[in-house]
Amino acid sequence: QLTKSVNDNPNVTAWKTHNLIFSNTPLREVFRILGSVYHTDIQVSDPALNELVLTAHFDNQPVEFILEVIRLTFNLELTALNGQYFLTAAANI
C-alpha cells in the first residue's frame, strides 16, 4: 500500500541545492546536516556546544562560510585540518 505524505523538512534537497534553513535548530543537528551535505566531519570540544540553537538561512554558501557564521554567532574558535572542522569555546581574556 502506498501512502502520500508531506515532507516538512526544509533541508530535504539541500544535498543538491546547498540551500539550508535552520529555525531554532540545535547545533548537533546543524552539524549533522552540514556533514551530510558537504561530506565533512565537524566536531566540538564540549558536548554542551551541541545544544546551542541556530536560526539562519544559507543560500548556496560554502561550508567554511557557514561555520564562520556559527563561530562568530556563538563566540567560538574554529580549526580546520584535512577536511575536518573543530569548534571550541573561545577563551575569555
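Student: Where do the axes of helix H2 and helix H3 come within 11 Å, and at what angle do they cross?

Tutor: Quick caveat: this is a predicted model, where local features need pLDDT of at least 70, side-chain atom pairs count only at pLDDT 80 or more, and totals for chains, interfaces and linings use all residues. Residues are numbered from 1 along each chain as its sequence is written, and side-chain values use heavy atoms, leaving out hydrogens and water. H2 spans residues 27–38 and H3 residues 63–74, and their axes cross at roughly 165°. The axes are lines fitted to C-alpha atoms over the stretch in contact, with angles from 0 to 180 degrees between N-to-C directions.

Student: Why are H2 and H3 called roughly antiparallel?

Tutor: Angles over 145 degrees count as roughly antiparallel. The crossing is at roughly 165°, so H2 and H3 are roughly antiparallel to each other.

Student: Which residues make the contact?

Tutor: With contact meaning heavy atoms within 4.5 Å, H2 brings Leu27, Val30, Phe31, Leu34 and Tyr38, while H3 brings Val63, Ile66, Leu67, Ile70 and Phe74.

Student: What classes are the residues in the contact of H2 with H3?

Tutor: Val, Leu, Ile, Phe and Tyr are among those that count as nonpolar. The contact has ten nonpolar residues, no polar and no charged ones.

Student: How many helices and strands does the protein chain have?

Tutor: Three helices and five strands, as DSSP runs (H or I, at least four residues, for helices; E, at least two, for strands). Along the sequence the pattern is α-β-α-β-β-α-β-β.

Student: What percentage of the protein chain counts as buried?

Tutor: Of its 93 residues, 31% do, buried being under 20% relative accessible area with a 1.4 Å probe, protein chains only.

Definitions and conventions. Buried means under 20% relative accessible area, exposed over 50%, partly exposed in between (1.4 Å probe, protein chains only). Angles under 35 degrees count as roughly parallel, over 145 as roughly antiparallel, 65 to 115 as roughly perpendicular and the rest as oblique.
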